[in-house]
Number of protein chains: 2
Amino acid sequence: MYTYNYLLDFTSEVFKKMGCSTQDSAMISKVFLAAELRGLPSHGMIRIKDYYQLWKAGRINISPNIRIVHETPSTAVVDGDGAIGMIAATRSMEIAMEKAEKSGTGWVSTRGSNHFGIAGYYAMMALERDMIGMSMTNANPLVAPTGSVSRMMGTNPIAVAVPAGKYPPYVADFATTPIARGKLAVAEKKGEKVAYGYVQDKEGNPSNDPAILKEGGSMLTLGGDLEHGIHKGYCLSTMVDIFSCVFSGANFGPFCPPSVAYLPVLEEKVGEGTGHFFGAMRIDAWQPKEAFKSQMDKWIETYKSAKPAKGIERVMIPGEPEREKEERIMKEGIPVIPAIKDDLKEIARELGIGFE
Amino acid sequence: MYTYNYLLDFTSEVFKKMGCSTQDSAMISKVFLAAELRGLPSHGMIRIKDYYQLWKAGRINISPNIRIVHETPSTAVVDGDGAIGMIAATRSMEIAMEKAEKSGTGWVSTRGSNHFGIAGYYAMMALERDMIGMSMTNANPLVAPTGSVSRMMGTNPIAVAVPAGKYPPYVADFATTPIARGKLAVAEKKGEKVAYGYVQDKEGNPSNDPAILKEGGSMLTLGGDLEHGIHKGYCLSTMVDIFSCVFSGANFGPFCPPSVAYLPVLEEKVGEGTGHFFGAMRIDAWQPKEAFKSQMDKWIETYKSAKPAKGIERVMIPGEPEREKEERIMKEGIPVIPAIKDDLKEIARELGIGFE
C-alpha cells in the first residue's frame, strides 16, 4: 500500500525527469492519482509506463505550445501541439471555464493531444468554480459500429459533473461501451469467459471470449445487441468522436493515434493527434446560484429516496460509488500490484529517482 | 394511406380549432408529421388525441406568453407558460440559434412546457442554418434508477444533428432506455413476451412481461442489467433530467406532469411543467464552414466504409435509416391504423372539420 502523497510525488518526479515543467508535472500526476483514488487503476499508475515509452520513442512533446487556433465568445479550438493529454486537457478545460465566465458557457474541442486519463477529472474541475463540467475523448479504435466488424471507435467516455449545495456533486463518468477494455484483459489473464454483449468475433458473431480482440474481433457499444439498443451506444460513441475530432481537426475514429509505443504510428492521418471535447456552464447562467444548488439538493434527495430493489441496500447518485472509494482509498492507501511496481522501479532506476 | 399534405392540413386545422394561431398550428403539425415520416408513428397522429383531451381538460395554454426569464450571452431559461410542447420547443430552439449566431453556441433550458414530440425535429432545425443541433426532454416517469424499483425517469431522449457537405447530415435521436414504451404496448396487445433487459417487476426481478408496468413494474435504462452497463443508461437519463429540469426550474424526475389527460395532475410539484434542453453550435465556431463540411464528409465516408458483419448489407450512419423511411413514406403515403383513424374522425366531428 502506498500513500497518496508518495505516489503523487513519485509521479511528479518521473515527469520532471522527462523534462516537463514543475507545474505540468504536478498537473499530470494529479490526474493519474485521481484515477487510483476513484477506483479506476486501469487509468492510474499502470499508464505511467505507456507515457514513459512514448517519451522515449519521441512521440510526445514535452514543451508544447498549447494555443487557441480558432474561437468565438463561447468556443475555442485548442491545439495541444503533441502534449501529454493531461496538460492539453487541463489547459483546455481552463479555457472553457474562462469562456463560461464571460459568456455563460464555454466549449472547447482539442486536437493534437494524447491519452488524457479519466474523463471525470476535467468535468470535476468545473465544480470548484460553481460550474457544470463536461468532458469527452476519443481513444484507440477497438469498437465496431452497429452492423460492422471494423474497429472504428474507442471506448469514448462521457463525463458530466453538476454542483449541489449541502450534498456532494453529481458526477457521471462512463465509457460508451458496456465495459472498459481493462476488464477484458483481466478476464483473459484469469482464463475466464465474459458475458455476451461485450465483444464479437471477426465475422460479427456474438462471442464470450475476452481474447477475441487478438483474432480480429471487436468490442461492442453500450446496448450490446440490436435487441437492447446497441445502435444507441453507437450514436453516443460517434457523437463523442465528432465533437472531439471533427470539431477540432483531430484524428477521428480509426485514425486515433495509439496511446502505447509498441503500436506503430499510423501511416494515414486525417488531423492532428487525439481529440477531446470540454464544456463548462456557469450554474448562475441557469438559476441564481443558491436556487440552483438548493434545487439540485432536492433532486438528489428525490433520487436517494427511490425504493431500493430487493437485495439492494440503497439507491446511489452518479458519482457516489467513486466518492466512497476515494474516501476509503485515501485512508487505507493505494495498492499497486507487483507487475506494475516492477515497471515503476525500472522507470525510477532509468531516470535516477527513488521508488520503493 | 394518407398523403403528407392531407394529414398536415388536417392536424393544422385541429389545432386552429382548439384556438392556436395559424402560425402555431403549422408549427405543431410539422412536428407531428415529422414523426410519421421518420417512422416513429408512436409520436405522430396517435398523439393528437392526447393533446385534444389535455385541451378539453383545460390543462394546456393555447395562448401562451413564451418568454426568456433568465439569460447570458450563450444561454437562456425559457418559460413555456403551459404551451403545447411543440411551440415552446420550436421557440426555444430558435432562441438557442439566435444566441449561437452571436456567441458561437446557444443553450436553452425550457420549463412550463408539455410533451414536445420527437426530439430529433428540434436538433435538425439547426441544420439549415449550418449549425449543430441538440435536443433533450424529460417525460412521464416510468423508468427506475439503477438498483431501484421506483419509477423516477422518463425514456428521456437525446438528439444530435450535425451538418455535412455532399452527404446528408448525421442525426442521432434515441431514448435512454433500450426500447420505446410503445414497443411494450404492441407486444402486450399481441400477447407476446419481450426480451429481458427492458422491464423489471415491482421487486426488481428481471421480467419479460410487457404488462408488468400495470403491476408496479418499471422500465430499465439503456444497458438493461448491471453486467451490461445499466448504470450508464441511468447516468444518461439523469443528465437529461438535470439539464432539462434543474437548469430551467421544471418538474424533474417523478414530478414530470402526465402527457395524457386520463392521468391526474400531480399534487406535488417542484417546478413548472415539463422541461427540455436545446443546444445550437455554429459549425464555423469550430472550423471554417467548408472545412467543417468536408471533414464531416470524410468522417461519413470512413464510417460507411466499415466492413459489414456477416449477413448485414451495409453499415449505416446515425439518421440514415430514418431518412430512408422518410423518402419512402413521403412517396408511398402515411398509414393510419383503424383505431387511430376512428379517434381522429371523432375529434374532427367534435371540432366540425372534415376527416376521411
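Predicted model: local features only at pLDDT ≥ 70, side-chain atom pairs only at ≥ 80, totals over all residues.
Two strands are taken to pair if DSSP finds at least two bridges between them.

In chain B, seven strands make up an open sheet with mixed pairing, and their order is 1-2-3-10-4-5-6. Strand 1 and strand 6 of chain B each have a single partner strand and stand at the edges, so one side of each is left without a neighbour in the sheet. From one strand to the next, the twist averages 10 degrees. Ala159(B) stands opposite Asp173(B), a residue of strand 6 of chain B. Helix 7 of chain B lies across strand 3, strand 4 (131-137), strand 5 and strand 10 (274-282) of chain B, and runs at about 90 degrees to strand 10.

Further along chain B comes helix 9, which covers residues 320-332. This helix has 13 residues and reaches 18 Å from its first C-alpha to its last, close to the 18 Å expected at 1.5 Å a residue. Gly333(B) follows helix 9 of chain B and has a positive phi, near 105 degrees.

Turning to chain A, the model contains ten helices and ten strands. The radius of gyration of chain A is 20 Å, close to the 21 Å that the globule rule gives for 356 residues, so chain A is as compact as a globular protein of that length. Taken along the principal axes, the C-alpha atoms of chain A fill a box of roughly 50 × 50 × 45 Å.

Chain A has an open sheet of seven strands, with mixed pairing and the order 1-2-3-10-4-5-6. Its edge strands are strand 1 (67-72) and strand 6 (170-174), each of which pairs on one side only. The twist in this sheet averages 10 degrees from one strand to the next. Strand 4 (residues 131-137) and strand 5 (residues 158-162) of chain A pair in the antiparallel sense over four bridges, and Gly133(A) stands opposite Ala161(A) in strand 5. Helix 4 of chain A packs on the sheet, where it touches strand 1, strand 2 (75-79), strand 3 (105-113), strand 4 and strand 10 (274-282). The direction of helix 4 makes about 160 degrees with that of strand 3 of chain A.

Helix 4 of chain A (residues 85-103) also packs with helix 2 of chain A (residues 22-37), at an angle of about 95 degrees and with the axes 9 Å apart. Helix 2 of chain A is therefore roughly perpendicular to helix 4 of chain A. On the helix 2 side, Asp24(A), Met27(A), Ile28(A) and Val31(A) take part, and they meet Met86(A), Ile87(A) and Thr90(A) of helix 4. The residues of this contact divide into five nonpolar, one polar and one charged.

Helix 10 of chain A, at residues 338-351, has 14 residues and spans 20 Å from its first C-alpha to its last, close to the 20 Å expected at 1.5 Å a residue. Gly352(A) comes after helix 10 of chain A, and its phi is positive, near 70 degrees.

Finally, the two chains meet. The contact takes 65 residues from chain A and 65 residues from chain B. On chain B, the elements that each supply at least two residues to the side touching chain A are strand 1 (67-72), strand 2 (75-79), strand 3 (105-113), strand 5 (158-162), strand 6 (170-174), helix 7 (230-246) and helix 8 (289-304). By class, this side of chain B has 35 nonpolar, 24 polar and six charged residues. Helix 7 (residues 230-246) of chain A lies across strand 5 and strand 6 of chain B, and runs at about 135 degrees to strand 6 of chain B.

Terms used. Residues numbered from 1 in each chain as written. Chains lettered and ligands numbered in written order. Contact = placed C-beta atoms within 7 Å. Nonpolar A, V, L, I, M, F, W, Y, C, P; charged D, E, K, R; others polar. Expected span 1.5 Å × (residues − 1). Axes fitted to C-alpha atoms, helices over the stretch in contact; angles between N-to-C directions. Parallel < 35°, antiparallel > 145°, perpendicular 65-115°, else oblique. Rg over C-alpha atoms; globule rule 2.2 N^0.38 Å.
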